[in-house]
Amino acid sequence: MKFDFHTHTNYSDGKENPKALVEYAKRKGIYIAITDHDTSKGYEKVKEEAVIPGEEVTTQFGHVVILCNFPPNPPKDISSLVDYSKENSCIIFPSHPFDIFRKGIGNKVFEYKFDAIEIFNSKAPKSANEKASNAARELKLPGLANSDSHVKEAIGSAYNEIEINEFNIDEVLESIKKGKVKPVGIGLTITAKFKILQWYIERKI
């Protein structure tokens, strides 16, 4: 099964409403986690669907994604976030950690106990993804590949393969913890790049 663990809806800075994003991902054969910035409100709109609840938390050092089997209400302090995740059997991973343009946590990846590292982010520079891959190897942590979709057309640019027979959030989270996940980084299509640029301009106007 294919999973994208980092997507955004119009409940933070994404273009799509949650239902539209989930329906598009379904057509692509990909299950998604909705990880809006510092809110789970988008997930609440599609909680009856096969969707993983989460958030992209804005910590004092940058962005960290948390995935749980319930809509989380995580603290923003990174040490407290680590504790919250462990206490609630969640998963945390730094998103685009070495992307200096999008609030990556940088070398803080080495200072806290994460469950995985996002090693391919479809919007991050190649050099940033390579640094993340090297960090994951050094820390012996699973690597994840995610679209960081803010427009639906970005879905499919990156995903993770997990060998399970049916959608089960606990099983998915456990597979990540055990490193039983294969990241697949493909890259953005020309259409996706155009839609991302278009959405960026719309938000600025």
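Student: Which residues form one aromatic cluster?

Tutor: Please bear in mind that this is a predicted model. The cluster consists of Phe3, Phe5, Tyr31 and Phe167. In total, the structure holds five aromatic pairs. One of them is formed by Phe3 and Phe5, whose rings are stacked, with 5.9 Å from centre to centre and 5° between the planes.

Student: Are Phe3 and Phe5 buried or exposed?

Tutor: Both Phe3 and Phe5 are buried.

Student: How is the aromatic pair of Phe61 and Tyr112 arranged?

Tutor: The pair of Phe61 and Tyr112 is tilted, with 6.3 Å between the ring centres and 35° between the planes. Phe61 belongs to the loop between strand E3 (52–58) and strand E4 (63–67), while Tyr112 belongs to the loop between strand E5 (91–94) and strand E6 (117–121); the pair therefore ties together parts that are 51 residues apart in sequence.

Student: What else should be noted about Phe61?

Tutor: Lys108 lies over the face of Phe61, at 4.4 Å from the ring centre.

Student: Which feature does UniProt place at residues 3–61?

Tutor: The UniProt record, an unreviewed entry, gives "domain: Polymerase/histidinol phosphatase N-terminal" for residues 3–61. In the model, the end C-alpha atoms of this span lie 27 Å apart, and the span is 25% helix and 29% strand.

Student: Let us turn to charged side chains. How many salt bridges are there?

Tutor: The general idea is that side chains of opposite charge can pair when their charged atoms come close. Here the criterion is a side-chain nitrogen of Lys or Arg within 4 Å of a carboxyl oxygen of Asp or Glu, and the count comes to nine salt bridges.

Student: Which parts does the salt bridge between Glu49 and Lys26 tie together?

Tutor: The side chains of Glu49 and Lys26 meet at 2.8 Å, N to O.

Student: Where do Asp148 and Arg102 lie?

Tutor: Asp148 and Arg102 form a salt bridge with an N to O distance of 2.4 Å. Asp148 is in the loop between strand E7 (143–146) and strand E8 (158–161), and Arg102 is in the loop between E5 and E6, so their pair ties together parts that are 46 residues apart in sequence. Both Asp148 and Arg102 are buried.

Student: Finally, which residues make the nonpolar surface patch?

Tutor: Leu197, Tyr200, Ile201 and Ile205 make this patch, which covers about 470 Å². Of these, Ile201 is found in helix H6 (residues 190–204). Ile201 counts as partly exposed, at 42% relative accessibility.

Key: Residues numbered from 1 in each chain as written. Predicted model: local features only at pLDDT ≥ 70, side-chain atom pairs only at ≥ 80, totals over all residues. Heavy atoms only, no water. Patch = residues over 30% accessible without salt bridge, like charges linked within 9 Å, V, L, I, M, F, W, Y side chains within 5 Å. Areas by Shrake-Rupley, 256 points an atom, 1.4 Å probe, with all protein chains shown as cover. Helix = DSSP H or I, 4+ residues; strand = E, 2+ residues; numbered from the N terminus. Buried < 20%, exposed > 50% of the residue type's maximum accessible area, 1.4 Å probe, protein only. UniProt positions renumbered as here; feature names shortened; annotations may be inferred. Phe/Tyr/Trp six-rings, centres within 6.5 Å; stacked < 30°, edge-to-face > 60°. Lys NZ or Arg CZ within 6 Å of the ring centre and 35° of its normal.
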